[in-house]
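Me: I am new to this structure and would like to learn how to read it. Could you walk me through it, one feature at a time?

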Amino acid sequence: MKNTASSDSPSSNSHSPEALQELEHQFLEAERRDPASPYYHGSAPQAVPTRRRFMLGAMAAIGTAGVSGMAAAATPGAIERTVPPDATKIQGVGVGADDGGYGSRSQFETEVRTRYPTKTTESSWSFTPLQNSMGMLTPSGLHYERHHGGIATIDPSKHMVYVHGMVKQAKKFSMADLKRFPALSRMMFLECSGNGLTEWAKPTLKTVQGTHGLTSTSEWVGVPLSTVLNEVGLKPGAKWLLAEGGDAAVMTRSIPIEKAMKDCLLAYGQNGEAIRPEQGYPLRLFVPGYEGNMSVKWLRRLEVSDMPFMTREETSKYTDLMPDGTALQFSFFMEAKSVITYPSGEMLLHKPGFYEISGLAWSGRGAVKRVEVSVDGGKSWRDATLHGPVLPICHTRFTLPWEWDGKEAILQSRCTDETGYVQPTIKDLVDERGLLSVYHLNGIQSWKVAASGEVSNVHHY
């Protein structure tokens with residue numbers, strides 16, 4: 001139950017739900033005219049795809065709707081090339097000829113993260129385009145991110161991690177030191193506890209990118225934190241660990257020693273290469289299943305203590321104000337959750353017939369065991385197919401065949417994890433927690449399919 005922003009508050013006019021709705025509207029205007037988009041609504045002029053690539057690139061770069069007057073550009077991550085009438089009649093581009101040897105995606109692939117319109121770009125967050133996701137993994141360039149003081153630039157050859165406090169021997173570790181230890185690789189999801197913060201009281205954002213886009217799954221590679229803690233030795237009575245980041249915000253969070261020794265990772269790799277700067281290059285702490293900002297990026301210090309440190313981010317932020325006025329603190333786990341990504345908000349089903357409902361499910365407490373889908377607003381449920389590998393603390397893709405009869409329908413998904421926990425409705429959560437907190441919304445998402453085929457975000461219980 002916690003996590004969104006640092007100095008930024010969801011109630012600020014500079015990034016109110018209305019501001020985000022406007023940004024989403026600008027995104028959808030171009031998407032609805034592009035035949036390659038799941039939001040396509042028809043009437044696509046020849047030049048629209050190029051314009052769409054420009055619009056998305058500009059929105060990703062500046063996070064606002066004001067893009068007029070800028071020159072056309074390739075999609076972020078791509079190189080704009082001339083398309084020949086017949087690709088078999090002309091030599092293709094040589095490998096490394098114009099991309100520096102790193103490679104690029106096709107200019108016709110246009111998915112980008114969209115930034116929440118906070119006052120500054122230095123304290124903001126951006127959403128993964130779940131509507132176009134395939135399988136369970138998220139490309140590094142589309143992985144959601146959250147930063148409180150800008151994205152730090154750090155030379156890995158000079159970076160050190162200091163481990164001290166209630167340890168038998170304080171030590172500092174360079175990146176070379178850490179990479180000498182045996183490495184571990186795991187596919188795991190990460191989720192901001194502010195994922196869905198706009199949706200508690202009423203449906204607000206239209207797309208699944210806006211309602212659920214603060215979660216992603218990657219393959220993470222690094223050294224088990226327990227390896228480093230065993231190296232320095234814990235003193236009797238050690239119960240908590242402070243993790244501190246080396247960015248301008250100096251992000252700090254307290255982590256229980258039991259969790260640190262169980263499955264935390266000092267991650268330096270993501271999806272087969274070094275983690276990206278926005279993910280904490282050269283080193284981040286990864287705390288599986290816990291709210292996102294506990295996985296401190298640009299990690300530079302670990303301090304062991306016998307009590308939590310009560311830092312700014314776990315007192316004034318990332319706590320849950322309850323209906324009686326008390327605050328719930330250290331609500332670490334991201335509970336079982338699922339969402340249908342296709343069809344989802346603002347998409348259009350052009351005619352009745354067969355569709356494959358698809359979505360993602362995950363749980364911070366372990367593996368997904370079951371996903372049920374309803375097409376009648378929860379009156380009846382059918383078991384969806386889970387596509388492997390089904391791993392603990394990892395996104396799981398689910399699908400269900402559906403024959404749409406052209407009548408109004410309410411699509412929902414409900415996840416059950418290996419502990420037996422069943423995803424609740426949003427009403428269940430509001431009845432229990434009230435509306436004073438914006439964190440840890442894992443309620444059932446409802447998409448209404450109108451008789452016209454238009455899909456919209458609704459609350460339905």
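Reply: Gladly; we will go through sheets, a helix, cores, cysteines and some backbone angles in turn. Keep in mind that this is a predicted model.

Me: Let's begin with sheets. In what order do the strands of the 5-stranded open sheet lie?

Reply: The general idea is that strands of a sheet pair through backbone hydrogen bonds, either parallel or antiparallel. Here the order is β5-β4-β13-β8-β9, with mixed pairing. At the edges are β5 (171-174) and β9 (252-256), each of which pairs on one side only. From one strand to the next, the twist averages 20 degrees.

Me: Which helix packs on that sheet?

Reply: That is α5, residues 225-232, which touches β4 (160-165), β5, β8 and β13 (299-305). The direction of α5 makes about 140 degrees with that of β5.

Me: How many bridges join β8 to β9?

Reply: There are 5, and the two strands run antiparallel. As an example to find on screen, Leu-242 has Ser-254 in β9 as its bridge partner.

Me: Where does strand β23 find its partners?

Reply: β23 (residues 446-449) is joined by 4 bridges to β22 (residues 409-417), running antiparallel. It also pairs with β24 (residues 455-458) in the antiparallel sense, over 4 bridges. Trp-447 has Asn-457 in β24 as its bridge partner. The hairpin of β23 and β24 has 5 residues between the strands, and there Gly-453 takes a positive phi near 95 degrees.

Me: Now a helix. Which residues of α7 are buried?

Reply: The general idea first: an α-helix has 3.6 residues a turn, so residues three or four places apart point the same way. In α7 (residues 426-433), the buried residues are Ile-426, Leu-429 and Arg-433. Seen down the axis of α7, they fall within an arc of 65 degrees, so they line one face of the helix. Asp-431 and Glu-432, on the other side of α7, are exposed. The cover over the buried residues includes β14 (320-321). After α7 comes Gly-434, with a positive phi near 75 degrees.

Me: What about the interior? Which residues have the most contacts inside the largest nonpolar core?

Reply: They are Leu-178, Leu-225 and Leu-285, in a core of 34 residues. Helix α5 gives the largest share, 4 residues. Leaving aside neighbours within four places in sequence, the contacts of Leu-285 include Leu-225, Ala-243, Ile-255 and Val-296. Apart from this core lies another, of 32 residues, including Phe-27 and Trp-447.

Me: How many disulfides are there?

Reply: The count is 0, taking a disulfide as two cysteine sulfurs within 2.5 Å. For Cys-192, the closest cysteine sulfur is 18 Å away, in Cys-264, too far for a bond. For Cys-415, the closest is 12 Å away, in Cys-394, also too far for a bond. Cys-192 counts as buried at 2% relative accessibility, and Cys-415 counts as buried at 0%.

Me: What is the phi of Ile-393?

Reply: Its phi is near 55 degrees, a positive value in a residue other than glycine. Ile-393 counts as buried, at 7% relative accessibility. Glu-346 has a positive phi too, near 80 degrees, and lies in the loop between β16 and β17 (353-362).

Notes
Residues are numbered from 1 along each chain as its sequence is written. This is a predicted model: local features need pLDDT of at least 70, side-chain atom pairs count only at pLDDT 80 or more; totals for chains, interfaces and linings use all residues. Side-chain values use heavy atoms; hydrogens and water are left out. Two strands pair if DSSP finds at least two bridges between them. Axes are lines fitted to C-alpha atoms, for helices over the stretch in contact, and angles run from 0 to 180 degrees between N-to-C directions. Contact means heavy atoms within 4.5 Å. Buried means under 20% relative accessible area, exposed over 50%, partly exposed in between (1.4 Å probe, protein chains only). The arc is that of the directions from the helix axis to the C-beta atoms. A nonpolar core is a set of buried Ala, Val, Leu, Ile, Met, Phe, Trp, Tyr and Cys residues joined through side-chain atoms within 4.5 Å.
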